[in-house]
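Open the model in your viewer and work through the selections below in order. The tour goes from a whole chain to a single residue and then to some annotated spans.

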Amino acid sequence: MAGTTTLTFAERRQKWDVKLSPFGFISPYFLIFGVFGLFPLLYTAFVSLQKRNLIDADGAQFIGFGNYEQLLFHDPYFWNAMGNTVSLWLLTTIPQILFALGIAHLLNRRLRGRMLFRMGMILPNITSVAAVTIIFAQLFGRDFGLINWVLSWFGGGHVDWQAGTASSHTAIASMVVWRWTGYHALIFLASMQAIPSSMYEAATLDGAKGWQQFWRITVPLLRPQIIFSTVIATTGNMRLLAEPLLFNPGTAAATGGSDRQFQTAALYLYEQGFTKYDFGYSSAIALILAVATMLVAGLSYLVTRRIQTD
Amino acid sequence: MRPKTTTRRIRLLAGVGAALVALTALSGCGNSGAAGGKVKLSLGLFGNFGYTDLIKEYQAAHPDIEITERTAAYSDHHKNLAAHLATGAGAADVEAIDTGYVAQFKATPDKFVDLNTVGGDKLKDRWLGWKWAASLAKGGQQIGYGTDVGGLAICYRRDLFEQAQLPTDRAAVSALWPTWQAFFETGKRFQAKAPNGVKFMDGGPTVLNAIVGQAPQGYYDQTDKLIVDSNPALRQGWDLVVDAVKANLSAGLLYSTPQWNTGFTQGQFATVTCPAWMMTKIKDQAPDTAGKWDIASVPGGGGNWGGSYLTVPKQGKHTKEAAELAAWLTAPEQQAKVFTGKGLLPSAPSLYDDPKITGYTNPFFSGAPVGKLFTDAAKKLNPQYQGPKAGDVQTEFGNAMQRVEQGKQDGPAAWQQLVGDVAKIK
């Protein structure tokens with residue numbers, strides 16, 4: 001106590017400055033998060049306990065966990081949507097990471113116009129998702145699609161991509177993979193360049209060939225980036241909405257195909273909230289989806305963590 | 001040296017931050033309307049309402065008003081409107097609503113200006129009685145002025161009919177199908193000699209919509225109860241269309257999808273159910289097919305599919321001016337211009353005997369006397385009551401028919417699932 005009294009005002013101010021300024025500097029993030037992240041989350045939780053029409057807030061009724069009970073135990077379409085989400089998660093995340101690793105590895109070599117190729121990787125990611133999806137939907141057209149045309153050279157073709165479960169998932173996954181592979185490849189490439197070349201030189205002296213070096217040195221050293229990419233891809237895919245929504249537009253867009261064969265959980269939320277106007281129910285889906293996203297992200301973290309680092 | 005650069009950087013960041021804040025504040029001002037001394041009105045539409053020239057005309061007569069059109073796809077438009085009403089911001093000053101959705105929106109009349117309080121009650125006689133009633137809320141508030149009505153006809157490709165050795169003259173074609181059974185029988189005759197890859201009709205859901213639109217009762221009864229499983233007309237229509245699909249008459253395209261649009265340009269089908277607004281759609285989508293199309297009457301008498309309303313959401317800043325604009329755009333004179341310009345059938349019965357309208361022929365459709373054809377259809381039209389979620393039920397019908405077309409289910413199984421899906425619509 002005695003010590004503090006001897007400080008001058010300027011000294012005291014500087015002390016407080018050191019203590020409090022950091023909080024001031026980081027506060028914008030937390031303020032913005034509070035307004036645009038935390039508050040909507042809490043409000044969604046509140047709405048999810050109501051029976052509430054989207055455009056009639058005054059008519060809301062409190063019904064406790066009724067929406068959750070209906071969703072979890074009496075709604076096969078919700079589980080159908082969750083199943084589609086998981087299927088698309090597997091179909092997108094795994095190829096994305098593998099392709100990205102391969103592409104990063106190729107770009108990490110000396111080749112002509114390397115910078116151009118590297119910049120090209122990010123192009124799919126910065127194009128509008130709506131435009132990309134509409135173009136892909138044309139490519140996957142049943143009667144005049146480019147892909148069926150190419151398939152017809154090999155005696156195939158005439159696949160009704162939207163109609164089938166596997167075919168529609170393949171088409172949607174290809175859009176996501178096309179869009180995000182470059183992004184992950186650049187992250188991998190950046191950390192590949194941080195791997196000291198002496199490690200590869202030592203491996204070469206030990207007689208390890210290209211692919212051996214890739215799997216034994218590069219991949220293990222990229223472990224943190226692979227974990228990061230997998231978690232990012234996972235959370236992104238759990239929220240997959242635009243691709244399935246625009247894959248078969250028209251009046252039935254929100255149902256994700258004639259038999260909901262490609263309706264993701266996010267699309268089901270959209271259908272309930274914005275075509276059925278059931279705001280309470282869609283809020284409950286949102287919260288369950290948030291929890292499921294955390295679970296799946298945790299799971300993919302656990303799986304990717306097992307990459308060996310010795 | 002070090003601390004100095006840090007403070008400089010912080011200053012820079014603060015500057016950028018301040019600039020951003022200023023920008024957001026500025027962009028917030030953009031909507032406040034009266035900025036340049038002009039009242040800015042926005043018009044939220046879907047599809048082609050044919051208003052572009054009318055807006056120029058209105059602005060010329062009202063120099064203090066500036067109007068911007070914004071157009072979205074059919075279902076996006078209605079979803080956006082719902083979201084904007086829910087959040088209390090973002091809706092256009094005048095918002096169009098389709099027949100399939102109007103019952104849903106009139107359930108919350110307090111979100112809209114009651115047009116009866118701004119002179120609508122005096123304009124009432126402009127419209128067909130049922131058109132006026134369909135947008136009238138239970139408490140007597142009028143949420144929208146009627147634009148067009150659907151009416152029904154069949155658009156057909158003369159060239160393809162000729163290749164399939166069917167009559168091409170519109171009177172002879174109309175005589176081919178007094179009933180829907182006869183329509184599908186004609187389809188079988190067409191299919192037997194059709195050019196390679198061409199089907200008789202675009203898709204089951206489009207035809208089914210027309211049949212449903214002709215039934216005395218549709219998806220709902222007057223008390224807003226869903227009667228899909230107990231209304232015999234729906235099941236009969238369903239079975240007819242399923243048989244036609246099984247007989248391979250359908251190109252299997254769902255209306256309003258990109259594939260369906262491509263079908264027009266590629267000539268994948270020879271007929272399409274044609275409410276009046278469909279004419280604009282075909283013309284916009286496949287301008288190269290001019291002169292190949294013609295229009296015949298619809299089997300089974302009158303019926304309605306589609307037609308819209310102009311509403312004024314209460315959240316707008318200039319609701320008075322917006323209501324005036326909506327009243328002007330839907331006035332009989334303007335409806336007449338929209339009909340001769342774009343082919344949207346007026347909902348103002350005073351026009352149905354107007355020689356300007358009845359004498360109107362459309363060159364795109366081989367000079368078909370569409371004025372006479374559609375006004376006759378409108379006079380015969382039996383108005384059908386539209387329940388609260390008619391749009392959503394129609395979507396489920398389309399999905400169910402598509403399951404049959406895609407070979408995923410047979411008719412009875414698809415119907416059974418349809419009944420279950422419809423029961424979930426609350």
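Select chain B: of its 426 residues, 55% are buried. Keep in mind that this is a predicted model.

Stay with chain B and colour by secondary structure. The chain holds 19 helices and 11 strands. Its radius of gyration is 24 Å, close to the 22 Å that the globule rule gives for 426 residues, so chain B is as compact as a globular protein of that length. Along the principal axes, the C-alpha atoms fill a box of roughly 85 × 60 × 45 Å. Of the contacts in chain B with a separation of 6 or more, 75% are between residues 24 or more positions apart.

Next, show the surface of chain B. The accessible area is about 17400 Å², and carbon and sulfur atoms contribute 54% of it. Colouring by charge picks out 44 positive and 38 negative side chains, with the centres of the two sets 8 Å apart.

Now zoom to I357(B), in helix α16 (residues 355-358) of chain B. Is this residue buried or exposed? I357(B) has a relative accessible area of 1%, so it counts as buried, the cut-off being under 20%. Leaving out residues up to four places away in sequence, I357(B) touches A336(B), F339(B), L351(B), G371(B), K372(B) and T375(B).

Finally, switch to chain A. An unreviewed UniProt entry annotates residues 20-43, 86-107, 119-140 and 279-303 as "transmembrane region". Select residues 119-140 of chain A: the span is 86% helix and 0% strand, with end C-alpha atoms 27 Å apart. Residues 279-303 of chain A are 100% helix and 0% strand, and there the end C-alpha atoms lie 36 Å apart.

How values were computed
Residues numbered from 1 in each chain as written. Chains lettered and ligands numbered in written order. Predicted model: local features only at pLDDT ≥ 70, side-chain atom pairs only at ≥ 80, totals over all residues. Heavy atoms only, no water. UniProt positions renumbered as here; feature names shortened; annotations may be inferred. Helix = DSSP H or I, 4+ residues; strand = E, 2+ residues; numbered from the N terminus. Buried < 20%, exposed > 50% of the residue type's maximum accessible area, 1.4 Å probe, protein only. Contact = heavy atoms within 4.5 Å. Rg over C-alpha atoms; globule rule 2.2 N^0.38 Å. Areas by Shrake-Rupley, 256 points an atom, 1.4 Å probe, with all protein chains shown as cover. Lys, Arg positive; Asp, Glu negative; His and termini not counted. Charge placed at Lys NZ, Arg CZ, Asp CG, Glu CD.
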